[in-house]
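Let's walk through this one together, question by question. Have the sequence and the model open as we go.

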Amino acid sequence: MSFQIEKKTLPDIPVMYIHRDFTQENINQGGMFFGQAAGYVVAHGGTPAGAFMLYGEPVGDIMPVDCCIAVKGLLPESDMVKAKIVAGGEFLMAEMVHTGSYGKLHEAWMELMRRIDEQGYEGLSPMREIYLDEDMSTPEEQLTTLLLVPVVRKQP
């Protein structure tokens, strides 16, 4: 798994998303909401332009997650599917590329957070999990996921 910390300029990204609060036991269920959000986008005349998860600041053992589908322009909202612009800007980011099963992403996240700490940084929210394979036929062991965490130097 590659790892680096560098300044990155991220664009504003319009998204349609489904928000859910997960625990460690059920966080792997987040993927099913991508299909629902993407279906909503297509049904309302949009074109999905990528999928990613935004992880908010945990509250106890609850992890707030937005399952996002990038779109060219925001669409009307429903009770379940919401719209927002994920703010871009210049960030100091820790980055790791995970290749392999989505079921092993928790291990990649743990490794990324360990490396951030070892380098003297502290991770911030929101953290991004970006799925780089658009082809559903990609073999599981070849799936590529980009993990991004905004960071700041730890205070002495």
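Q: Not counting residues up to four places away in sequence, which residues does Met16 touch?
A: Bear in mind that this is a predicted model. Met16 is listed with Trp109 and Leu112 as having the most contacts inside the largest nonpolar core. Leaving out residues up to four places away in sequence, Met16 touches Tyr40, Val41, Cys67, Cys68, Ile69, Val71, Leu74, Leu75, Pro76, Val81, Lys82 and Ala83.

Q: How many residues does the largest nonpolar core have?
A: Several elements give two or more residues to this core, including helix 1 (32–43), strand 4 (63–70) and strand 9 (144–153). Strand 2 (13–22) and helix 2 are on that list too. The core's residue count is 32.

Q: Which residues does the second, separate core include?
A: This core is made of eight residues. One of them, Cys68, is buried with a relative accessible area of 0%. The names to look for include Val15, Tyr17, Leu54 and Cys68.

Q: How many disulfides does a search of the whole structure find?
A: Take Cys67, where the nearest cysteine sulfur is that of Cys68, 7.4 Å away. A disulfide needs the two sulfur atoms within 2.5 Å, so 7.4 Å is too far for a bond. Over the whole structure, the search comes back with zero.

Q: Is Cys67 buried or exposed?
A: The cut-off for buried is under 20% relative accessible area. Cys67 comes in at 0%, so Cys67 counts as buried.

Q: Which residue's side chain makes a polar contact of 3.1 Å with the side chain of Ser101?
A: Look in the loop between strand 6 (89–99) and helix 2 (105–118), where Ser101 lies. Ser101 is buried, at a relative accessible area of 19%. A polar atom of the Ser101 side chain lies 2.9 Å from the backbone nitrogen of Gly103, while the 3.1 Å side-chain contact is with Glu140.

Q: Is the peptide bond from Ser125 to Pro126 cis or trans?
A: Most peptide bonds are trans. Pro126 sits in the loop between strand 7 (121–123) and strand 8. For the bond from Ser125 to Pro126, omega is near 0 degrees, and that makes the bond cis.

Q: Which residue in strand 8 is the bridge partner of Leu54?
A: Back with Leu54, the partner in strand 8 is Arg128.

Q: How far apart in space are Phe3 and Lys72, C-alpha to C-alpha?
A: Phe3 is in strand 1 (residues 2–10) and counts as partly exposed because its relative accessibility is 23%. Its contacts beyond four places in sequence include Ala94, Met96, Leu112 and Ile116. Lys72 is 69 residues away from Phe3 in sequence, and the C-alpha to C-alpha distance is 30 Å.

Key. Residues are numbered from 1 along each chain as its sequence is written. This is a predicted model: local features need pLDDT of at least 70, side-chain atom pairs count only at pLDDT 80 or more; totals for chains, interfaces and linings use all residues. Side-chain values use heavy atoms; hydrogens and water are left out. Helices (H or I, at least four residues) and strands (E, at least two) are DSSP runs, numbered from the N terminus. Buried means under 20% relative accessible area, exposed over 50%, partly exposed in between (1.4 Å probe, protein chains only). A polar contact is a pair of N or O atoms within 3.5 Å; within protein, one must be able to donate a hydrogen and the other to accept it, and residues adjacent in sequence count only if both atoms are side-chain atoms. A nonpolar core is a set of buried Ala, Val, Leu, Ile, Met, Phe, Trp, Tyr and Cys residues joined through side-chain atoms within 4.5 Å. Contact means heavy atoms within 4.5 Å. Two strands pair if DSSP finds at least two bridges between them.
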